Amino acid sequence: MIYFDNAATSWPKPPGMAEAMVHFVNDVGANPGRSAHRLAVDSGRIVYNAREAVAGLFNAPDPLRVVFGPNVTEALNLALHGLLRPGDHVITSSMEHNSVMRPLRALERQGVEVTVVRCSPQGFLDPADVEAAVRPNTVMIALNHASNVVGTLLPVAEVGHIARRHGLLLLVDAAQTGGAYPIDVQADGIDLLGFTGHKSLYGPMGTGGLVIGERVDVARMEPLKQGGTGSRSEHEEQPGFLPDLCESGTPNAVGLAGLEAGVRWVLERGVDAIRAHEVELAQRLVDGLMGISGVTVCGGLDATRQTATVSFNITGMEPSEVGLRLDEEYGIMCRVGLHCAPAAHKTIGTFPVGTVRFGLGAFNTLEEVDAAVAAVGRLAQEAR
Ligand SMILES: Cc1ncc(COP(=O)(O)O)c(C=O)c1O
């Protein structure tokens with residue numbers, strides 16, 4: 001079996017990840033940040049360690065400004081709904097996933113103005129187009145770090161400079177890059193970084209969050225929900241400090257134990273080493289697919305400018321059929337269709353049919369890439 005669906009969720013997970021979760025369930029178990037007994041203290045320490053690991057990975061200065069939630073979708077909703085008000089203007093790109101696009105469309109109905117800057121058919125964004133879209137009432141730029149459809153990297157550091165120059169907040173959706181591509185929230189000028197635990201951070205599903213920078217006025221931030229935090233229990237009002245402002249209810253501590261182990265594995269292996277491996281895999285895949293007659297590869301075709309996610313189509317065969325046959329006949333797991341990103345497919349010209357997407361990860365090998373290219377070659381020959 002060849003697992004090429006890492007852009008949806010990574011698998012397998014690194015050694016130690018499942019064990020950390022089993023340890024939590026069997027030996028710790030208590031509710032973090034609530035009681036004061038030793039098991040609760042251990043549990044709270046595990047959650048804090050996960051905060052520290054995430055802060056370290058992204059060079060966030062304060063672990064307490066890492067807010068956890070179930071996934072990046074909730075984190076992006078928190079940043080957008082929590083900070084944008086009617087009359088505000090926000091700039092985004094045409095390569096966004098629906099986890100940015102749908103909250104923005106909902107906010108638009110409430111009076112937030114939204115500009116979608118068009119990217120090239122390869123998925124690239126020109127920072128000058130972002131700057132040209134800035135208006136007097138612009139408050140935020142919300143950008144995908146890398147497309148989940150074609151892997152194209154967006155110029156977040158350049159846009160970070162633009163955001164600083166104009167006094168705007170930069171929100172980055174790092175679902176596809178966290179752990180797979182170097183991110184330094186301070187150097188890149190990122191004010192809000194949404195991350196999800198189950199992709200290239202190699203943690204479990206049900207974990208994710210938002211890194212909130214110092215330029216964000218937390219007093220202006222509306223949490224998505226209110227409730228028990230284990231702190232300031234004498235007050236009926238939500239605490240105003242992070243992370244408690246945005247973390248109501250018992251957290252997924254067992255998942256965060258696994259997330260910490262996943263992030264520690266990424267840190268030990270090194271983001272640069274993971275990136276170098278994935279660039280090699282992606283370029284071999286792009287070159288291999290490009291060499292097949294009847295196959296169209298989408299995106300920039302340059303692995304140094306994208307993640308290890310590659311989209312393609314076979315002339316004369318629907319993506320759904322390609323995906324089914326790759327699974328049934330060749331044991332290759334991938335994802336086909338629109339990948340929750342209709343705007344991105346419109347940008348690259350593959351809407352509404354979509355593409356076949358190979359999402360490679362740290363555990364894939366060149367041999368698997370060669371086998372997959374050969375399988376696509378045989379399907380393309382049949383389709384001719
Ligand atoms: C770019 C991008 N943003 C957001 C998401 C949503 O991730 P999650 O389902 O973990 O919230 C994904 C996942 O597919 C993604 O690729």
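The model is predicted: local features need pLDDT of at least 70, side-chain atom pairs count only at pLDDT 80 or more, and totals for chains, interfaces and linings use all residues. Residues are numbered from 1 along each chain as its sequence is written, and side-chain values use heavy atoms, with hydrogens and water left out.

Start with the whole chain in cartoon view. It has eleven helices and 13 strands, taken as DSSP runs (helices H or I, at least four residues; strands E, at least two) numbered from the N terminus. Along its principal axes the C-alpha trace spans about 70 × 55 × 30 Å.

Next, turn to the salt bridges, of which there are 15; each is a side-chain nitrogen of Lys or Arg within 4 Å of a carboxyl oxygen of Asp or Glu.

Select D5 and R357, which form a salt bridge at 3.8 Å, N to O. D5 sits in the loop between β1 (2-3) and α1 (17-28) and R357 in strand β13 (residues 355-359), 352 residues apart. Both D5 and R357 are buried (under 20% relative accessible area; exposed is over 50%, partly exposed in between; 1.4 Å probe, protein chains only).

Move to R215 and D191, whose closest N and O atoms are 2.8 Å apart in a salt bridge. R215 is in the loop between β8 (208-212) and α7 (253-269) and D191 in the loop between β6 (169-173) and β7 (192-196), so the pair ties together parts 24 residues apart in sequence. R215 is partly exposed at 34% relative accessible area, while D191 is buried at 2%.
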